[in-house]
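Please look over the chain below. This report goes through its helices and then through a few single residues.

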Amino acid sequence: MTAPLSNDLRKRLIAAVEGGQSCRSAAKRFGVAASTAIKLVNRWRQEGHTEPKSMGGDRHSHRLEEHAEEILGLIDKTPDITIAEIQAH
């Protein structure tokens, strides 16, 4: 996974676009993908800031946690139960 662009680079890229340069030419000037420049400028215009979104983290365990009690109950009843059997249940 790559690191987010620095806030300085983000601000310079947005300033270039706000100064009249196209997103694609600003992207080429600062060495980033055109899609990155377009997304940064759109986010700036919609949300008013340049900070990167948070990266990584757990976004899926809540799905499993909803069924934790039932899954643990199955394991208590049948200690050698397989994942496939839990899924079929």
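Where does Cys 23 lie? Cys 23 lies in helix 2. The model is a predicted one.

## Cys 23

Cys 23 has a relative accessibility of 18%. The cut-off for buried is under 20%, so Cys 23 counts as buried. Beyond its neighbours within four places in sequence, Cys 23 is in contact with Val 17, Ala 37, Ile 38 and Val 41.

Cys 23 and Gly 73 are 50 residues apart along the chain. Their C-alpha atoms are separated by 55 Å.

## Helix 2 against helix 3

How are two packed helices described? The angle between their axes and the distance between the axes describe them. Helix 2 covers residues 23-30 and packs with helix 3 at an angle of about 115°. The two axes are 8 Å apart. The crossing of helix 2 and helix 3 is right-handed.

Helix 2 makes this contact through Cys 23, Arg 24 and Ala 27. Helix 3 brings Ala 34, Ala 37, Ile 38 and Val 41. By type, the residues of the contact are six nonpolar, no polar and one charged.

## Ala 27

Setting aside neighbours within four places in sequence, Ala 27 is in contact with Leu 13, Val 32, Ala 33, Ala 34 and Ala 37.

Ala 27 and Ile 83 are 56 residues apart in sequence. In space they are 47 Å apart, C-alpha to C-alpha.

## Helix 1

Helix 1 runs over residues 7-18 and has 12 residues. From its first C-alpha to its last, helix 1 reaches 16 Å. That is close to the 16 Å expected at 1.5 Å a residue. Helix 1 is followed by Gly 20, which has a positive phi, near 120°.

Which residues of helix 1 are buried? They are Leu 9, Arg 10, Leu 13, Ile 14, Ala 16 and Val 17. These residues cover an arc of only 155° around the axis, so they are on the same side of helix 1. The buried residues of helix 1 pack against helix 2 and helix 3.

## Arg 43

Arg 43 lies in helix 3. With a relative accessible area of 16%, Arg 43 is buried. Which residues is Arg 43 in contact with, leaving aside its neighbours within four places in sequence? They are Gly 48, His 49, Glu 51, Pro 52 and Lys 53.

## Thr 50

Thr 50 is placed in the loop between helix 3 (34-47) and helix 4 (61-65). Thr 50 is buried, because its relative accessible area is 7%.

Neighbours within four places in sequence aside, Thr 50 is in contact with Asn 7, Arg 10, Lys 11, Ile 14 and Trp 44. Among these, Arg 10 and Ile 14 are also buried residues of helix 1.

## Ala 88

Ala 88 lies in helix 6, which covers residues 83-88. Is Ala 88 buried or exposed? Ala 88 is exposed, because its relative accessible area is 69%. The cut-off for exposed is over 50%.

Ala 88 and Gly 19 are 69 residues apart along the chain. Their C-alpha atoms are separated by 59 Å.

Note on methods:
Residues numbered from 1 in each chain as written. Predicted model: local features only at pLDDT ≥ 70, side-chain atom pairs only at ≥ 80, totals over all residues. Heavy atoms only, no water. Helix = DSSP H or I, 4+ residues; strand = E, 2+ residues; numbered from the N terminus. Buried < 20%, exposed > 50% of the residue type's maximum accessible area, 1.4 Å probe, protein only. Contact = heavy atoms within 4.5 Å. Axes fitted to C-alpha atoms, helices over the stretch in contact; angles between N-to-C directions. Left-handed = near helix turned anticlockwise from the far one by under 90°. Nonpolar A, V, L, I, M, F, W, Y, C, P; charged D, E, K, R; others polar. Expected span 1.5 Å × (residues − 1). Arc of directions from axis to C-beta.
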